[in-house]
Amino acid sequence: MSLEVRGLAAGYGRLEVLHGVDLTAGDGRLVAVIGANGAGKTTLLRALSGLIPASGGTVTLAGADVTGSGPERLARAGLAHVPENRLVFPSLTVEDNLVLGAYTRRRGPAAERREARDRALALFPRLQPRLQQVAGTMSGGEQQMLAIARGLMAQPTVLVLDEPSVGLAPRLVGEIFTALGKLRDDGLTLVAVEQNARAAFAVADHVYVMDRGAVVLEGDAATLASDPRVTAAFLGGGLSGDTPDGPPTPGTAEAGQR
Amino acid sequence: MVDLLQLVFAGLSQGAVYALVAIGFVAIFTVSGVINLAQGEFAALGGLVAISAVGSGLPLLAAVVVAVATVAVVAVLMERLTIAPVKRMTTLVSLILTLGVSTGLKALMLLVYGPDAEGLTPINPGGFTVGGVSIRYQELWILAVAAVVSAAVYWFYERTLAGKALRACAEQPVAARLVGISLGRASLTAFLIAGCVGAIAGVMASPIYFTSWESGLTLGLKGFVAATLGGLVSVRGAVLGGLLLGVLENLTAGYVSTGLRDAVAFLLLIVVLVARPSGVFGRSAEARV
Amino acid sequence: MARRALRLPGPSARRSRRGDVIGISVLAVLLAVFPFVAPGSLTNVGVYALIYSLAALGLSLLMGLAGQVSLGHAGFFAIGAYTQAVLVTEYEVGGLLASVAAVAVTMAVALAVGLPLLRLRGHYLALATLGFGIIVTVLAAESTFLGATSGIFGIPKPEFNGRVYNSTTEYFLLLVPVVLLALLLARNVVESRIGRALGAVNDSEVAAETLGVDTFRLRLQVFVLSAAYASVAGTAFAHWLGVVNPNAANFPLSVSFLLMAVLGGLGTVYGAVIGAFAVEGLDDGLRRLIPELVPGAVGEVQLIGFGILLTTIMIFLPGGLYQLWTTARRRLSGSDLEDGGAPLPAEGAALPPDEGPLLAREGRPAAGTPLLEVSGLTKRFGGVTAVDDLDLTVHAGEIVALIGPNGAGKTTAFNMISGAVAPTAGTVTMAGTRVEGRKPHVFARAGATRTFQNLQIFGSSTVLGNVMVGRHLRSRTGLIGAALVVPARREERAVEASARELLDLLGLGADADRLAVDLPFGRQRLVEIARALALQPDLLLLDEPMAGLSGAERRDLARLLRRLRAGGMAIVLVEHDVEAVLALADRVAVLEDGVRIALGTPEQVRHDPAVVAAYLGVEPEDSAAVAVAETGPGELP
């Protein structure tokens with residue numbers, strides 16, 4: 001397996017947000033992690049890529065234990081993280097953003113970098129005419145494409161994405177998820193955190209559902225897609241069994257079957 | 001009219017020195033968020049090392065190289081010993097730390113080079129007069145070197161991978177780490193740049209404005225004002241800010257009062273910061289090196 | 001940490017008050033004995049230490065309380081010294097009267113300088129004060145009236161009742177009561193309502209503002225007070241040295257003030273006095289030692305020690321000598337100081353079980369009265385419209401929920417309503433006051449406050465201290481009253497009593513004297529709500545109050561909110577736990593991409609197809625759903 005997470009716990013200061021998450025990804029599959037806001041999805045990715053220290057558990061990348069490594073080392077080890085809100089380098093051109101994406105490969109052969117760049121541009125042809133444009137002036141969707149392309153420049157073995165669809169028009173969401181599907185077909189292992197459950201189900205092979213810092217459901221995308229418990233996890237309650245007192249909600253189950 | 005031209009020209013050459021110091025502020029601030037209060041001391045140290053190297057018989061060019069190298073080492077040591085070890089760098093901590101380094105460096109210069117101000121031998125002594133405006137060769141040298149150095153720094157940030165990596169750290173530190181850029185190394189590089197540029201400023205200024213252990217204080221402050229006029233995040237802004245400050249100072253000295261020369265910078269600082277925090281030439285809060 | 005408030009995080013205010021009486025008495029005895037034990041030359045050093053300790057004390061207040069650095073404090077010192085010198089030598093004013101005038105002049109200058117300067121922050125303020133110091137030096141050196149570079153001579157030693165205080169010992173003993181008094185006043189300010197508010201500002205400016213603390217005004221007051229301390233030092237300096245020249249405003253002097261405050265420790269007012277003696281001792285020692293080690297060394301070579309000390313303290317001992325002292329004391333008294341609070345109460349035992357209305361207030365608008373009116377509220381960041389033309393009216397005694405997917409603009413809307421962010425367009429009216437684009441303390445004054453999604457607890461104070469800040473607007477002692485303590489004490493007791501009462505009501509009574517950051521997350525959230533309630537607001541905005549809470553805690557919170565509503569309070573909450581919201585709210589507004597796509601009762605909103613699409617996202621292939629999402633604002637069924 002390319003990425004194995006066992007009992008990962010992490011948080012901010014005294015606040016533990018992630019309470020022992022297990023997750024496996026590999027074999028060129030697209031794994032989606034979904035859940036309502038505040039479920040701990042972003043924290044999971046931040047702990048995965050070393051942006052925040054793990055307070056427990058292990059992370060194994062391509063067989064090597066990388067728990068506790070900083071993001072710089074993980075980037076070299078083959079993990080590319082496309083962060084929340086894209087975080088492209090705004091005053092740099094698209095071209096330069098891509099060049100920096102290959103920073104860990106800067107001492108490698110130039111031909112390899114050129115090839116990675118060509119592949120990324122083939123995946124997102126919209127970027128091609130904008131290579132000399134300053135990244136900060138592009139639309140949200142284009143910035144998201146650039147952020148993914150930048151991640152691909154490092155030629156990673158695992159690509160993790162934090163909410164690639166947030167704030168984008170449905171058409172662009174489709175475009176981006178189609179691209180992710182292509183990458184999966186090319187054998188890249190992907191982990192995408194998503195709030196847009198439907199978009200995630202449409203392309204993912206395997207889905208983890210998170211709630212309050214833990215994985216509460218996991219399974220094959222096809223099986224889970226029709227599971228009413230997923231809807232319940234989104235519109236609140238149901239899964240953890242400790243909802244605030246209130247009347248039962250007929251509307252949610254119905255919505256889930258739409 | 002001749003007066004005006006004379007003052008503007010003198011202001012430009014003085015402003016070029018401020019511009020170089022300002023570039024040092026910008027280099028460090030964008031990457032590590034630290035205002036390096038020892039930036040002026042880098043310049044003073046550069047000047048003093050060059051003077052003593054010439055005094056001990058080295059040719060001028062070699063002396064300049066020695067001076068720049070010395071200050072570069074000092075800047076790198078400063079980063080490793082005082083900036084890198086701090087886990088949570090707040091404004092207060094960074095100010096006190098760099099003030100400490102600045103004070104220590106000042107005293108060290110006083111101990112080693114004594115209390116008197118001296119001037120470095122100019123590259124070409126003397127000058128000439130054009131249409132009533134008298135120009136010293138050294139002033140032309142200052143302008144030329146400042147132009148070359150700022151162009152080189154600009155080129156570094158715009159064209160080289162290392163420079164772009166520094167800009168990436170300044171703009172999106174999280175994303176920079178995710179693509180594998182080390183923030184620690186970036187901070188070190190920024191101090192190295194600041195040290196070199198500062199030393200060059202000190203060496204160039206010395207023949208005209210003289211150097212003493214104390215000259216870093218006002219030079220550093222003027223450099224800071226210049227950098228702030230340019231918004232603190234842009235090399236271009238820093239250069240323009242330096243030139244503007246130099247000219248305004250000389251006009252004040254010429255038309256109002258010589259004594260008020262030093263007050264101009266700070267009045268300008270306060271007015272600009274209160275009225276336009278992103279600087280006179282800054283367009284937005286966005287980091288733009 | 002260096003930025004912590006000066007307040008001792010001690011278990012109770014009363015205990016620290018007794019501690020201060022002991023502290024000041026011990027210091028008084030030590031100082032009174034000093035000139036008789038120390039050799040003459042050291043007494044001379046001691047006189048300077050006492051003089052400078054006054055300035056350092058002012059700086060310590062500014063840095064410790066207001067979190068601002070001044071690198072030009074010698075400027076105020078010099079203004080005090082020059083004014084005194086001019087009045088005494090030119091106009092033959094009596095020393096005491098002249099001092100009063102000198103302090104007044106300095107305070108006026110500080111006010112004039114502070115008004116523009118304190119709009120700056122952090123680095124900029126520090127560098128601007130440095131510039132101020134240099135301007136004072138330049139102006140003094142330029143002014144012939146002030147004797148230009150040679151300054152003013154012939155300032156006599158002070159004379160009271162025909163007795164001239166001439167010798168070092170006499171002058172030292174004359175200064176001791178002045179310093180002790182200054183210390184006492186500083187300590188009173190630190191312990192007061194003002195000190196508490198400023199400590200809160202240091203921990204979280206935005207949270208303090210939302211509780212009604214006018215941060216700019218308080219910072220300005222402390223800045224002026226701190227200048228006053230420096231000017232007192234300046235007048236004492238003028239009389240002792242007999243000469244004032246532009247060097248009095250010199251940068252190295254500002255640096256040594258800073259070193260004194262930092263070395264002693266910003267955590268305590270005593271630090272400045274101890275720091276002053278340490279620095280002056282070091283100064284004197286180095287001035288003698290260095291020329292012996294380095295032949296030919298002249299001038300201010302002692303600065304090398306200052307530089308090394310400043311740097312090493314910041315790296316290894318950021319709390320200064322005071323930090324050594326507290327660590328030692330903690331070690332001596334064992335671990336009981338470490339965890340001095342009550343044992344953790346069992347979870348769920350938080351709220352008393354009764355269900356009646358809570359915190360009803362006389363004179364609160366009747367239920368149903370429009371309280372908050374938001375109209376056309378819009379925020380654009382660059383090309384992105386985060387909130388687009390939002391209208392919302394909230395009535396007294398109702399709970400309105402604001403929900404929407406991530407990035408829908410809920411928090412931005414909240415920030416604009418509460419005054420933390422200025423809107424691009426639109427108006428916000430709270431109880432008849434226009435509040436948009438003004439600071440959060442204006443919103444608080446209008447009777448409304450908020451909590452934060454990511455907790456903004458005041459980390460350096462206790463639970464009680466946190467809640468007492470919430471009483472800021474319900475008490476009124478100012479800086480002067482605080483310094484003079486007598487009238488303030490009664491009000492302090494009343495504030496403390498009402499804060500404890502509120503904590504008991506919310507089931508936090510047992511935690512009152514613990515540091516707020518030591519509580520588990522759920523309790524911290526409750527502390528934040530308690531703090532907001534201490535303001536007795538008519539409108540309470542809660543930003544994701546349920547996030548991170550356990551099931552039992554959520555139930556308790558929901559019950560608390562219902563009881564507050566029954567008491568007539570209006571509540572607006574942003575929440576992701578949709579289930580909790582639908583069960584709790586009277587009305588629900590749904591935002592998507594900054595646009596209000598639905599507003600209605602929970603039942604209406606639950607069945608709104610646009611809402612369901614917004615929440616579950618839209619399957620790319622599902623063209624019907626795309627159509628729903630793209631038509632945007634869905635009409636209510």
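Me: What separates the centres of domain 1 of chain C and domain 2 of chain C, taken over C-alpha atoms?
Reply: In this predicted model, the two centres are 49 Å apart. Domain 1 covers 40–251 of chain C, and domain 2 is made of 370–447 + 537–631.

Me: How do you know which residues of domain 1 of chain C and domain 2 of chain C are in contact?
Reply: Two residues count as in contact if their C-beta atoms, placed from the backbone, lie within 7 Å. Seven residues from domain 1 of chain C and seven residues from domain 2 of chain C take part in the contact. On the domain 1 side, three are nonpolar, two polar and two charged.

Me: What makes chain B as compact as a globular protein of its length?
Reply: The globule rule is 2.2 Å times the number of residues to the power 0.38. For 289 residues that rule gives 19 Å, and the radius of gyration of chain B is 18 Å, close to it, so chain B is as compact as a globular protein of that length. Its C-alpha trace spans about 60 × 45 × 35 Å along the principal axes. Buried residues account for 60% of the chain.

Me: Which elements make up chain B?
Reply: Chain B has eleven helices and two strands. Their order from the N terminus is α-α-α-α-β-β-α-α-α-α-α-α-α.

Me: Why is strand β9 of chain A called mostly covered?
Reply: A residue is buried if 20 or more other C-beta atoms lie within 10 Å of its own. In β9(A), residues 206–211, six of six residues are buried. Both faces are covered, with A:His206, A:Tyr208 and A:Met210 on one side and A:Val207, A:Val209 and A:Asp211 on the other.

Me: How do you know that β9(A) pairs with β10(A)?
Reply: Two strands pair if DSSP finds at least two bridges between them. β9(A) and β10(A), residues 214–220, have six bridges in the antiparallel sense, so they pair. One of the bridges joins A:Asp211 to A:Ala214. The two strands form a hairpin with two residues between them, and A:Arg212 in the turn has a positive phi of about 45°.

Me: In which sense does β3 of chain A pair with β9(A)?
Reply: β3(A), residues 30–34, pairs with β9(A) in the parallel sense over four bridges. A:Val33 has A:Tyr208 as its bridge partner in β9(A).

Terms used
Residues are numbered from 1 along each chain as its sequence is written. Chains are lettered from A and ligands numbered from 1 in the order in which they are written. This is a predicted model: local features need pLDDT of at least 70, side-chain atom pairs count only at pLDDT 80 or more; totals for chains, interfaces and linings use all residues. Domain bounds come from an automatic or database domain assignment. Ala, Val, Leu, Ile, Met, Phe, Trp, Tyr, Cys and Pro count as nonpolar, Asp, Glu, Lys and Arg as charged, and the others, Gly among them, as polar. A residue is buried if 20 or more other C-beta atoms lie within 10 Å of its own, exposed if 12 or fewer, and partly exposed in between; C-beta atoms are placed from the backbone.
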